[in-house]
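Work through the exercises below with the sequence and the model side by side. Try each task before reading its solution.

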Amino acid sequence: METVQTCAPNLSQNSKCVVERNSSFNESECVRNIMGDLVHYGAAIRSYFTHPMKNETAETELLRPTLGTIDSLKESCFQTSGDTSENETAKMWGNSSFDNRVRMCKMIKGFYVRAITINRALGYITSGDHKK
């Protein structure tokens with residue numbers, strides 16, 4: 001939720017949004033939160049590969065493009081200092097391939113929504129509207 005609040009545009013520039021903000025838009029904080037999200041989701045997918053899967057080949061084929069996109073975005077757009085949340089996310093997977101698939105499905109749905117937020121935030125930053 002931090003990314004959503006941190007990356008929300010200034011109210012004066014987007015008066016139709018009902019978002020309570022106590023401070024102005026902070027580009028560096030927004031970018032830091034986006035990077036944190038990318039690190040988290042990348043580490044979660046990476047750690048998923050080390051746990052029991054029903055059909056390892058099929059699941060890996062489905063998740064590799066997403067992981068590649070996350071890694072590419074981190075390398076191209078942000079300065080990375082390594083995946084700091086790798087150990088934390090490894091604990092989210094258990095020994096049941098069914099439970100892991102359900103958890104991964106929920107996580108990917110959450111990432112889909114977060115990707116929309118990231119896309120809008122990067123568009124806002126690129127437009128320069130926050131500097132006016």
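K54 is exposed, with a relative accessible area of 67%; exposed means over 50% relative accessible area, buried under 20%, and partly exposed in between (1.4 Å probe, protein chains only). The model is predicted, so local features need pLDDT of at least 70 and side-chain atom pairs count only at pLDDT 80 or more, while totals for chains, interfaces and linings use all residues. Residues are numbered from 1 along each chain as its sequence is written, and side-chain values use heavy atoms, with hydrogens and water left out.

**Exercise 1. Describe the overall build.**

Step 1. Count the elements. The protein has 5 helices and 0 strands.

Step 2. Read along the sequence. The pattern is α-α-α-α-α.

Step 3. Look at burial. Of the 132 residues, 35% are buried.

Step 4. Look at the range of the contacts. Take contacts between residues at least 6 apart in sequence: 72% of them join residues at least 24 apart.

**Exercise 2. Find the disulfide and say which parts it ties together.**

Step 1. Apply the rule. A disulfide is a pair of cysteine sulfur atoms within 2.5 Å. The count comes to 1 disulfide.

Step 2. Name the pair. C7 and C30 form the disulfide, with their sulfur atoms 2.0 Å apart.

Step 3. Give its hand. The link of C7 and C30 is right-handed, with 115 degrees about the S-S bond.

Step 4. C7 lies in the loop between α1 (2-6) and α2 (27-48), and C30 lies in helix α2, so the pair ties together parts that are 23 residues apart in sequence.

Step 5. C7 is buried at 6% relative accessible area. C30 is buried too, at 0%. C105 counts as partly exposed, at 40% relative accessibility.

**Exercise 3. Is Y48 buried or exposed, and what does Y48 touch?**

Step 1. Locate the residue. Y48 is found in helix α2.

Step 2. Read the accessibility. Y48 has 2% relative accessibility and counts as buried.

Step 3. List the contacts. Not counting residues up to four places away in sequence, Y48 touches M53, E59, L63, W93, N100, R101 and M104.

Step 4. Compare sequence with space. Y48 and K91 are 43 residues apart in sequence and 9.8 Å apart in space, C-alpha to C-alpha.

**Exercise 4. Describe how α2 packs against α3.**

Step 1. Take the axes, which are lines fitted to C-alpha atoms, for helices over the stretch in contact; angles run from 0 to 180 degrees between N-to-C directions. The axes of α2 and α3 come within 10 Å and cross at roughly 150 degrees.

Step 2. Classify the angle. Under 35 degrees is roughly parallel, over 145 roughly antiparallel, 65 to 115 roughly perpendicular and the rest oblique. α2 and α3 are therefore roughly antiparallel.

Step 3. α2 passes α3 in a left-handed crossing: the near helix is turned anticlockwise from the far one by less than a right angle, whereas clockwise would be right-handed.

Step 4. Name some residues. Among them, M35, L38 and Y48 in α2 and E59, L63 and K74 in α3 take part in this meeting.

Step 5. Sort by class. The contact of α2 with α3 divides into 10 nonpolar, 2 polar and 4 charged residues. Ala, Val, Leu, Ile, Met, Phe, Trp, Tyr, Cys and Pro count as nonpolar, Asp, Glu, Lys and Arg as charged, and the others, Gly among them, as polar.

Key:
Helices (H or I, at least four residues) and strands (E, at least two) are DSSP runs, numbered from the N terminus. Contact means heavy atoms within 4.5 Å.
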